[in-house]
Protein chains: 2
Amino acid sequence: MQKKSIEVCLTPALLNLYDIKESVVVVIDILRATSSMVYGIDNGAEAIIPVAHVEDCLSYADKGFLLAAERNGEVVEGYDFGNSPFSYIGEKVKGKTVVLTTTNGTKALHMAREQAHQVVIGAFLNLKALCNWLKVQEKNVLLLCAGWKDKFNLEDTLFAGAVVNELRKDFTHFDDSCIAAEDLYLLAKDDLRAYLHKSSHSHRLAELNIEDDVRFCLQFNICQAIPVLVGEALVAMEPAKG
Amino acid sequence: MQKKSIEVCLTPALLNLYDIKESVVVVIDILRATSSMVYGIDNGAEAIIPVAHVEDCLSYADKGFLLAAERNGEVVEGYDFGNSPFSYIGEKVKGKTVVLTTTNGTKALHMAREQAHQVVIGAFLNLKALCNWLKVQEKNVLLLCAGWKDKFNLEDTLFAGAVVNELRKDFTHFDDSCIAAEDLYLLAKDDLRAYLHKSSHSHRLAELNIEDDVRFCLQFNICQAIPVLVGEALVAMEPAKG
């Protein structure tokens, strides 16, 4: 494939407009689902299974999996931990399978896996590793922002822009969303947290009192892992394929 | 209403996510539908009726209306003119009703009118007049970008950002799309044409050989008219309501 394209799908509600049969889809839900997934796989989790509802976790209860669920920012009683990336440290997740509850991120993942050639997980935490891998695939790329209740959000778009910026020399076709996302990223990149203070979502996050999580999720390149969807589970990309 | 909100709906495919019953919806299709509408009403057209298909024009053929339709950048045989704003000069349209064919813009208009409190038309040509009017309405505002085949496009988003920028002091709530649109506008405003050369859509436009139209549509504030949808027709906003 000589000419590779990148497109940015700004919310899952627009995914049906894109032909992704031959594309790698990168699912992006920076605060906090895909950041926690990347961190967990990087710390040796055997697999992470994303589900949409707290109740969906229960069907995994007897399998020895760790169950992660939050409501209103608190770990649900009887569950092992919540959605904070700080829960996904090696001491807790190494060698384990984690069932993770997330709404926006799971919806995007489930929609993408129906059609895409391959589904991988992106976050600022694994930006460089992800982009180095995308560069050498002979595939078009769709960056799928999980958004917020099917609407556009800033943090996922900024990450999409970061990927576009890294891949600009290796791809030839960019859609209008790529251009917008990249320019917003270039405005924000020197202080992502300050930029996100402009965001309506950021105000909501402040109310949830997860400032430490937000700052953690905005770190660049502290992980090498690229989670890839195999069946219903995210697992580490085999180095041989990287 | 003490606290007024602005939201930007980046494509008509997302309109169902917004509650617009009490809102003024501004329909935006800069290249070229809403620019031609603003210019035509400003030049004294009695009304402009937007329809989705060339064939839809035919049902108006016996009413003495001017019919505007293009295919592949050429005026359709038997029609009075095409979609170029240069067709909407006073000599041609003053006192006349024009039936205008447009795909993206008509779709957005028809979707909005089902639910919105009021639907008005925006373009760079009437930016200031439109914003001065929006400032004194006791209504929330939804800026509805017509986009390109339900996808995001840069030129409509830049205009939405220009409106947000004008209204920032008079409104209190802005969503993430507002922030993105405004920041992109601030990047682009000193030379909109140069900025749009980045756009995939711009390349398409270049192929249609409508560069003069594009430059015309990117002019600021050469019109005072605010077209408002009444039934199926766009007419001039009454000055008394302004």
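Tutor: Asn221(B) is partly exposed, at a relative accessible area of 32%, where buried means under 20%, exposed over 50% and partly exposed in between (1.4 Å probe, protein chains only). This is a predicted model, in which local features need pLDDT of at least 70 and side-chain atom pairs pLDDT 80 or more, while totals for chains, interfaces and linings use all residues. Residues are numbered from 1 along each chain as written, chains are lettered from A and ligands numbered from 1 in written order, and side-chain values use heavy atoms, without hydrogens and water.

Student: What is the phi of Asn221(B), and where is the residue found?

Tutor: Its phi is near 60 degrees, a positive value in a residue other than glycine, and Asn221(B) sits in the loop between α10 (211-217) and β11 (227-230) of chain B; helices (H or I, at least four residues) and strands (E, at least two) are DSSP runs numbered from the N terminus.

Student: How much area do chain B and chain A bury between them?

Tutor: The size of an interface is often given as the accessible area lost when the parts come together. Here the two chains bury about 2100 Å² (1.4 Å probe, summed over both), with 64% of it on carbon and sulfur atoms. On the side of chain B, Lys151(B), Phe152(B) and Asp176(B) lose the most area to chain A, together 28% of what that side buries.

Student: How many salt bridges are counted between chain B and chain A?

Tutor: A salt bridge is a side-chain nitrogen of Lys or Arg within 4 Å of a carboxyl oxygen of Asp or Glu, and the count here is four. One salt bridge joins the side chains of Asp183(B) and Lys198(A) (2.7 Å, N to O).
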